[in-house]
Amino acid sequence: MLKVINVVGARPNFMKVAPIVAAMKRRPHIFQPLVVHTGQHYDSAMSDSFFHDLDLPQPDTHLGVGSGSHAAQTAAVMERFEPVVLREKPDWVLVVGDVNSTIACALVCVKLGVKVAHVEAGLRSRDRSMPEEINRLLTDQIADLLFTPSPDADENLLAEGIPRERIRFVGNVMIDSLQKNLEHARDRRTREKLGLSGADYALLTLHRPSNVDLRESFERILAALEVIASKLPIVFPVHPRTRKTIAELGLTTRVNGIKDLRVVDPLGYLDFLNLSSSARLVLTDSGGIQEETTALGIPCLTLRENTERPITVEMGTNVVVGTDTTKIVAEATAALNGSAKKTTRQPPLWDGRTSERILDALEEFASLQNRR
Ligand code: UD1
């Protein structure tokens, strides 16, 4: 029996862990999954609704950490997670993605000699001013097993000196959640609920500190949105951090003044998937949404200078546009004219079976160890 603590902390973790826990429950003779929620995200719209939408079992332990500076948040997760690991004595701790909870829990385990598996390993933006890049680099250095979503990630890890036997290319686990839920999501009446009458709309998300904490970049993006919203409505589910900085930067009047920019509360997984799967265009600075739009074949403009997910540009629908107003407008116009790049290619192993491959690898690793 393999006892595995699955760590969730922030919104982008839930859709990665849900299919893994579900797959473990389908192999009850081998896996005993536990779910630990650090509480990095705690609002109902940022956390609870995802448990419901994704059928993720309620956490066995909730650490209740909440918000804080990077140091305070990371330290609080570490302090509260350590006794859980000591009490539960898991065979593995599984962490996903690149949020503060990911590095905090991985660091606790490596110091206690407990094995850590990192799902979504090896992605690199090469931009060390992003907190997530530091979390990715450090987590990958200390994890025992690294599950990668794309071949570029394997290359990054090998170049950083990670031994090949620790790396397993398994594909993208978010796509397991997407494939499982797409039909159900499409059946929802999300557009009606939001009062969108026509079929044409764009979808926008923004939360990166480099975009929303800095007046200059936020204003460049808003100038582009003013032009794009004159062509079609833009639905903008606002992240709590962004809502706060809009007020702090004194941008409320300007944001509210953009006609047909529909500012709404953060959406749950299924409502967001409903909108993203039929949008004419998605504008985002998120990581996961670059991948979901590639899987869905929906044009995506990434409002960042770089991406840690280059396969979505090489094979998918993603265009990294940065925050230059003219460039954003030009690429959005191209997408709306139908002259954006088109693709029918899917990255390898984005097939809905990644969680099964992760479990196969954990089992294989355990049986190799037993033989030693
Ligand atoms: C975190 C992740 C980021 C991920 C994002 C998705 C890190 C370093 N960053 O960023 O990689 O893309 O989650 O959402 O881990 N807040 C609330 N309610 C919540 C959560 C946050 O109001 O449930 C507000 C708080 O004011 C908080 C701020 O949002 O201070 C930022 O939250 P935090 O968890 O520090 O980072 P995110 O910006 O959400």
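This is a predicted model: local features need pLDDT of at least 70, side-chain atom pairs count only at pLDDT 80 or more; totals for chains, interfaces and linings use all residues.
**View 1. Residues around the ligand.** The ligand is surrounded by 19 residues. The closest of them are His41, Asn100, Glu132, His207 and Arg241. Sorted by class, this shell holds 8 polar, 6 charged and 5 nonpolar residues.

View 2. For asparagine 100, a polar backbone atom is 2.8 Å from a ligand oxygen. Histidine 207 places a polar side-chain atom 2.8 Å from an oxygen atom of the ligand. For arginine 241, a polar side-chain atom likewise lies 2.8 Å from a ligand oxygen. The ligand taken alone exposes 740 Å², and the protein buries 89% of that area.

**View 3. Elements and domains contributing to the ligand shell.** Two or more residues of the shell come from helix H3 (70-88), and this also holds for helix H11 (240-248). H11 gives the largest share, 3 residues. At the level of domains, at least three shell residues belong to domain 1 (2-171 + 350-371), and at least three belong to domain 2 (181-337).

View 4. How many cavities of 30 Å³ or more does a search of the whole structure find? The search returns 1. About 50 Å³ of space lies within the largest cavity. Its lining consists of Lys16, Val119, Glu120, Pro149, Gly171, Asn172, Val173 and Glu291. By class, the lining residues are 3 nonpolar, 3 charged and 2 polar.

How values were computed
Residues are numbered from 1 along each chain as its sequence is written. Side-chain values use heavy atoms; hydrogens and water are left out. On a 1 Å grid over the protein atoms alone, a cavity is a set of points where a 1.4 Å probe fits but cannot get out, and a pocket is an open set with protein on both sides within 12 Å along at least five of seven lines; lining residues have an atom within 4 Å of a point. Grid points are joined across faces, edges and corners, and a volume is the space filled by probe spheres set on the points. Ala, Val, Leu, Ile, Met, Phe, Trp, Tyr, Cys and Pro count as nonpolar, Asp, Glu, Lys and Arg as charged, and the others, Gly among them, as polar. A residue is near a molecule or strand if one of its heavy atoms lies within 4 Å of it. A polar contact is a pair of N or O atoms within 3.5 Å; within protein, one must be able to donate a hydrogen and the other to accept it, and residues adjacent in sequence count only if both atoms are side-chain atoms. Accessible areas come from the Shrake-Rupley method with a 1.4 Å probe; for residues, only the protein chains shown count as cover. Helices (H or I, at least four residues) and strands (E, at least two) are DSSP runs, numbered from the N terminus. Domain bounds come from an automatic or database domain assignment.
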